[in-house]
Amino acid sequence: MLLLAGCTSGEANVGSAVETMAGRIVDALDPVTGERAVLRYNPDVRPGLAEEVRAALQDRGVQVELISYDPVPTFAETLAHTDIYVWLPAGSAVTHPEEAAQLVRWLDAGRGRQVHFHWGAGTVDPDGLAGEHSAAYDSVYLDALDIDYQQLDRTQVEAIGRLKTGVVTVTTPAGTNIQFSIGDRPFNRQNGDASAARMSGATTRIDREIELPAGVVRVAPIEESVEGVLVIPTARFGDVSVEELRLRFERGKVTQLSATRGEDAVRAALARDSSLTYFREFAIGFNPKLVVPAGQRWLPYFGYGAGVVRMSLGDNTELGGAVRGGAVRWFFFADATVRAGDSVVVEGGRLRSSNGNAE
């Protein structure tokens, strides 16, 4: 069975967006007759979307069950008979912890595939915490569904090839200067392909969790190879605004930290969750249409826009890494330069092709 689930959505009216959104979900899944799907939905968010997706899937011979975001006592049993799980926009609804754990076990067992249709929840501050979603971002996200997916995949594959050629160095104008090796760690390509054929080559959990809009490449570098300094100009830790945070890494672990404001809040956060003292992930966005709307400051869709770099702390189990503990903290860099060996992959927040031209 196929299960479609969704995350927070902005409330702005995007008119004919429902048909476009449903079409992209079904195209991404490329379902076959006889599969079974579950659509998780909130009837008050994007009215009509769940029915539109159900009708389109049924036209492809898929058996579909609609389930609201209320707790499901028989959730594990439902998953056992599911090929596809889809998260549709949820508004204030949340995934219940016990169901989230069951989803992880289902994915890790290789029983199915999942589509995340994040919407408003993907609008973030560079410090990794939630931004303010609005109709302007709705328009950006909708437009970002309409891209050349074959070109996206080709660009991602080419960049991955270069990132594997040597030590990766990431620098920023604020002072970040960090390097690491990829080795044989698997890359996750969010290229919009949620088909069963794609799942046959899945090597990590997130290979089975397909995001729409698409666009990012993610990897957990070899932890012991991470050396250097990560500089975050501003970041919120609880109710404290931290400024000029500097994290020094040696063999993948934070060994020194300082900040011009709010240092104690950072130290307290790392003391509470020791997994946050480890480098977690490196990612680059590739979607050319996920751009910051005019007059706005929040990054669209978790930094999946072309040239945005994400680096994070914490548990990287889902990426095939070695850090455990559960906690995760993302940071985004829209002005980074990324070099791998002699190749420049991103320069000042702009993707570069193998011949040095801007993408």
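Buried, in these legends, means under 20% relative accessible area, whereas exposed means over 50% and partly exposed lies in between, as judged with a 1.4 Å probe and protein chains only. The structure is a predicted model, in which local features need pLDDT of at least 70 and side-chain atom pairs count only at pLDDT 80 or more, while totals for chains, interfaces and linings use all residues. Residues are numbered from 1 along each chain as its sequence is written, and side-chain values use heavy atoms, with hydrogens and water left out.

**View 1**
Arg46 counts as buried because its relative accessibility is 9%. Its place is in the loop between strand S2 (36-41) and helix H2 (49-59), where helices (H or I, at least four residues) and strands (E, at least two) are DSSP runs, numbered from the N terminus. Although Arg46 is not a glycine, it has a positive phi of about 50°. Most residues other than glycine have a negative phi, and most peptide bonds are trans.

Tyr301 is found in the loop between strand S14 (279-285) and strand S15 (309-314), and it counts as buried because its relative accessible area is 0%. A cis peptide bond, with omega about 0°, joins Leu212 and Pro213, and Pro213 lies in the loop between S9 and S10.

**View 1. The nonpolar cores.**
A nonpolar core is a set of buried Ala, Val, Leu, Ile, Met, Phe, Trp, Tyr and Cys residues joined through side-chain atoms within 4.5 Å. The largest such core has 91 residues, and those with the most contacts inside it are Val170, Phe282, Ile284 and Val338. Helix H1 (residues 17-29) gives the largest share of this core, 8 residues. Apart from this core lies another, of 12 residues, among them Val38, Ile67, Val72 and Leu79. Which residues does Val170 touch, not counting residues up to four places away in sequence? Val170 touches Thr176, Asn177, Ile178, Phe180, Phe282, Val309, Met311, Ala336, Thr337 and Val338, where contact means heavy atoms within 4.5 Å.

Val18 has its place in helix H1 and counts as buried because its relative accessible area is 17%. Leaving aside neighbours within four places in sequence, Val18 is in contact with Pro47, Gly48, Leu49 and Glu52. Although Val18 and Glu52 are 34 residues apart along the chain, their C-alpha atoms are separated by 7.4 Å. In helix H5 (residues 135-144), the residues Tyr137, Asp138, Val140, Tyr141, Leu142 and Ala144 are buried, and what covers them includes H1 and H6. An α-helix has 3.6 residues a turn, so residues three or four places apart point the same way.

**View 2. The largest pocket.**
On a 1 Å grid over the protein atoms alone, a pocket is an open set of points where a 1.4 Å probe fits, with protein on both sides within 12 Å along at least five of seven lines, and its lining residues have an atom within 4 Å of a point. The largest pocket holds about 840 Å³ of space, where a volume is the space filled by probe spheres set on the points, which are joined across faces, edges and corners. Of the 30 residues that line the largest pocket, His116, His118, Glu209, Glu318 and Trp330 lie nearest its centre. At least two lining residues come from each of helix H4 (97-108), strand S5 (113-117), strand S9 (209-211) and strand S16 (328-333), and the largest share, 5 residues, comes from H4. By class, this lining has 13 nonpolar, 9 polar and 8 charged residues, where Ala, Val, Leu, Ile, Met, Phe, Trp, Tyr, Cys and Pro count as nonpolar, Asp, Glu, Lys and Arg as charged, and the others, Gly among them, as polar.

**View 3. Glu223 in its loop.**
Glu223 has its place in the loop between strand S10 (216-219) and strand S11 (227-237), and it counts as buried because its relative accessibility is 5%. Not counting residues up to four places away in sequence, Glu223 touches Arg185, Arg251, Gly252, Phe279, Asn316, Gly321, Ala322 and Val323.
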